[in-house]
Amino acid sequence: MKHTKVLLAILLAVVMVCALCACGVELGGEETWTYSAEDKEGTDELFHNFFEETFAATNLVVTADANGESMFTETIDGTSEFVDYPVSGAKTWSFIKDGEYIYALTGDGSNYYMVGEEYYGYGHLVYKNTIDLFEMLPEEGLTFACEVSGSAENGKSSEKLTMSIENDEGTIKIDAEKEDGLVRTITMFRREGENETTITMTLAYGAAAVELPDISGMSKVEY
């Protein structure tokens with residue numbers, strides 16, 4: 001009986017691995033792999049594994065366009081972030097100063113700041129919040145599909161992600177490419193009814209710098 005339980009545990013582990021991994025081969029000095037999923041849990045896992053190093057990166061600039069028009073530019077420098085929204089003229093900062101979490105906004109008729117970790121989150125990882133929707137998605141009524149394929153040779157690697165989430169009312173599709181663990185380009189297509197939006201993002205690493213605002217001339221908003 002003990003040996004039977006061990007065997008069942010091993011078979012279960014193998015089944016779980018096979019559910020995500022379609023294949024992985026090594027050709028000469030090159031290694032290639034493909035992973036796929038067709039449910040929410042597996043798609044969520046592949047998505048977050050693919051973006052893990054990028055979401056953890058602390059020095060990058062993300063440039064985003066929506067239907068060919070500039071959407072925002074987000075500059076991340078450690079715990080300080082600056083987001084420029086050229087269409088509205090709004091600019092936001094999220095940063096930590098003297099132990100306080102601060103969110104500040106100027107432009108579009110506004111000039112204020114707020115103190116608190118929850119407000120800091122308003123301008124924190126905006127690009128991530130745009131594409132990472134899993135916490136808001138229900139388990140039922142949606143179809144999921146995701147595939148990650150990649151290759152590695154001589155210490156260099158590249159991967160591609162293709163993901164779709166659909167129901168009768170809309171579609172979300174994300175395509176992304178990364179090199180050596182860091183995502184370089186993202187394309188997100190969204191359809192809600194007859195409305196369609198294509199968002200493209202370009203990510204550049206290592207040269208970001210954020211100049212913090214002088215909040216002494218801003219109004220403090222408290223709730």
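User: In this predicted model, why does M71 count as partly exposed?

Analyst: Relative accessibility decides it. Buried means under 20%, exposed means over 50%, and partly exposed lies in between. M71 has 27% relative accessibility, so M71 counts as partly exposed.

User: Where does M71 lie?

Analyst: M71 lies in strand 4, which covers residues 69-77.

User: Which residues is M71 in contact with, leaving aside neighbours within four places in sequence?

Analyst: A contact here is heavy atoms within 4.5 Å. By that test M71 touches A64, D65, A66, D84, Y85, P86 and I199. Take D84 as one of them. M71 and D84 are 13 residues apart along the chain, and 8.6 Å separates their C-alpha atoms.

User: How do I read E41: buried or exposed?

Analyst: Use the cut-off again: exposed means over 50%. E41 has 64% relative accessibility, so E41 counts as exposed. E41 belongs to helix 2, residues 40-56.

User: Which residues form the negative surface patch?

Analyst: For a patch, like charges are joined within 9 Å. Here E38, D39, E41, E45, E139 and E140 form a negative one.

User: Now the whole chain. What does its secondary structure come to?

Analyst: The protein chain has four helices and 14 strands. Of its 223 residues, 35% are buried.

User: What share of contacts joins residues at least 24 apart?

Analyst: Count contacts between residues at least 6 apart in sequence; 48% of these join residues at least 24 apart.

Conventions: Residues numbered from 1 in each chain as written. Predicted model: local features only at pLDDT ≥ 70, side-chain atom pairs only at ≥ 80, totals over all residues. Heavy atoms only, no water. Patch = residues over 30% accessible without salt bridge, like charges linked within 9 Å, V, L, I, M, F, W, Y side chains within 5 Å. Areas by Shrake-Rupley, 256 points an atom, 1.4 Å probe, with all protein chains shown as cover. Salt bridge = Lys/Arg side-chain N within 4 Å of Asp/Glu carboxyl O. Lys, Arg positive; Asp, Glu negative; His and termini not counted. Charge placed at Lys NZ, Arg CZ, Asp CG, Glu CD. Helix = DSSP H or I, 4+ residues; strand = E, 2+ residues; numbered from the N terminus. Buried < 20%, exposed > 50% of the residue type's maximum accessible area, 1.4 Å probe, protein only.
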